[in-house]
Amino acid sequence: MKIPFNKINFAKQELKNIENCIKKGHIAGDGVYTILCNKWFLKNFKRRTLLTHSCTCAIEMAAILAGLKPEDEVIMPSYSFVSTANAFVLAGAKPVFVDIKPDTLNINEDLIERAITKKTKAIVAVHYAGVGCEMDKLMQIAKKHGLYLFEDAALGFYAKYKDKFLGTIGDLGTYSFHETKSIVSGEGGALSINNKKFLERAEIIREKGTNRSKFFRGEVDKYTWVDIGSSYLPSDIIAAFLYAQFERVKEITKKRLLIWEQYHNFFEKYETKGLLRRPFVPKYCEHNGSVYYILFNDLKTRAKFMEYMKKNGIATPFHYIPLHSSPAGLKYGKISGCLKNTGIISDTIARLPIFYSLTKEQTRKILKTSEKFLNGTI
Ligand SMILES: *Cc1c(COP(=O)(O)O)cnc(C)c1O
């Protein structure tokens with residue numbers, strides 16, 4: 001039996017909600033379930049949050065909201081998913097890549113100030129594996145230099161930094177509900193609006209540049225084209241699935257954390273022996289078990305590990321390919337300083353299967369197989 005890297009999970013309620021949504025006859029955006037999701041965000045995160053088709057769309061909205069001009073610069077880590085940078089390039093701006101820290105794999109806050117120029121408009125904090133960036137420091141830098149601070153919390157839904165939910169701290173935050181993340185709706189995302197000045201315009205951008213949201217609330221008597229925008233609102237069918245997941249978020253997160261802890265305890269002795277490194281979570285961060293990874297000492301060992309696991313039917317993919325050295329990164333981006341850690345991490349990281357329905361037997365097999373490899377008994 002093969003063990004996949006990820007498997008989607010859903011209970012009866014997801015299907016019931018979808019059926020109910022279709023029966024109600026409103027399957028376009030902003031129907032009953034979208035409103036329920038909005039209420040969930042207000043109640044739990046205390047934020048106005050707009051559902052989108054993806055985290056990619058939410059970052060694109062953030063880029064439009066930032067009012068970027070050609071050649072404006074946005075500071076971000078190179079160790080991230082394509083969309084973190086691409087969204088700003090679409091808006092005409094230039095991503096400026098800085099290195100990450102070797103412990104949390106998050107942007108190195110000490111390298112940001114030297115990357116700031118007259119053209120810098122924003123900083124993007126990417127919370128890798130749902131472990132929060134040094135938000136206090138980033139907020140302080142953003143404030144001092146008059147920059148926006150955005151959070152790419154694609155992997156950080158329901159995780160916390162100093163008791164604050166990730167994505168609710170900077171001016172805007174983005175989430176992903178892609179099927180590979182912890183809370184899913186197939187494709188899906190959201191934009192958390194933490195700086196109220198963006199609220200009205202965000203609604204307009206999401207609705208093709210129209211004031212349709214105001215119209216539906218009865219605040220204007222007809223709606224019209226008032227600004228630029230696109231169609232960023234997902235079908236209520238997506239929201240129906242997502243809302244059922246929101247109601248199970250505690251249970252899903254608990255299960256993921258349990259698997260995460262099991263891996264973490266198991267690999268401890270190998271870290272002590274110097275064979276690998278494990279994730280580091282600062283004590284003021286509560287992660288969400290979205291990713292479990294190990295870091296090998298070199299690329300060759302990582303490749304051997306992945307090959308051995310694959311031979312045994314276990315998927316252990318690597319993660320982000322650095323953005324700064326990719327073809328589009330070279331064309332549209334700029335590097336600040338030396339991106340040594342980015343290269344090393346990208347070469348040595350391996351992720352382990354982590355999903356809600358991972359069974360005890362499967363976990364046992366993953367650990368046994370890893371053990372054989374690490375003990376050199378293969
Ligand atoms: C997955 C991911 C995204 C993209 O999410 P989508 O919902 O698929 O658009 C963006 N940023 C990061 C850091 C991610 O891991």
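Modeller: What follows looks at the ligand and then at the cysteines. This is a predicted model, in which local features need pLDDT of at least 70 and side-chain atom pairs count only at pLDDT 80 or more, while totals for chains, interfaces and linings use all residues. Residues are numbered from 1 along each chain as its sequence is written, and side-chain values use heavy atoms, with hydrogens and water left out.

Around the ligand there are 15 residues, of which Thr56, Asp152, Ser176, Lys181 and Tyr320 come nearest; a residue is counted here if one of its heavy atoms lies within 4 Å of the ligand. This shell is made up of six nonpolar, seven polar and two charged residues, where Ala, Val, Leu, Ile, Met, Phe, Trp, Tyr, Cys and Pro count as nonpolar, Asp, Glu, Lys and Arg as charged, and the others, Gly among them, as polar.

A polar side-chain atom of Ser176 is 2.6 Å from an oxygen atom of the ligand, and a side-chain N or O atom of Tyr320 is likewise 2.6 Å from a ligand oxygen. Taken alone, the ligand exposes 390 Å², and the protein buries 93% of that (areas by the Shrake-Rupley method with a 1.4 Å probe).

As for the cysteines, a disulfide is a pair of cysteine sulfur atoms within 2.5 Å, and the count comes to zero. For Cys37, the nearest cysteine sulfur, that of Cys21, is 11 Å away.

How values were computed:
A polar contact is a pair of N or O atoms within 3.5 Å; within protein, one must be able to donate a hydrogen and the other to accept it, and residues adjacent in sequence count only if both atoms are side-chain atoms.
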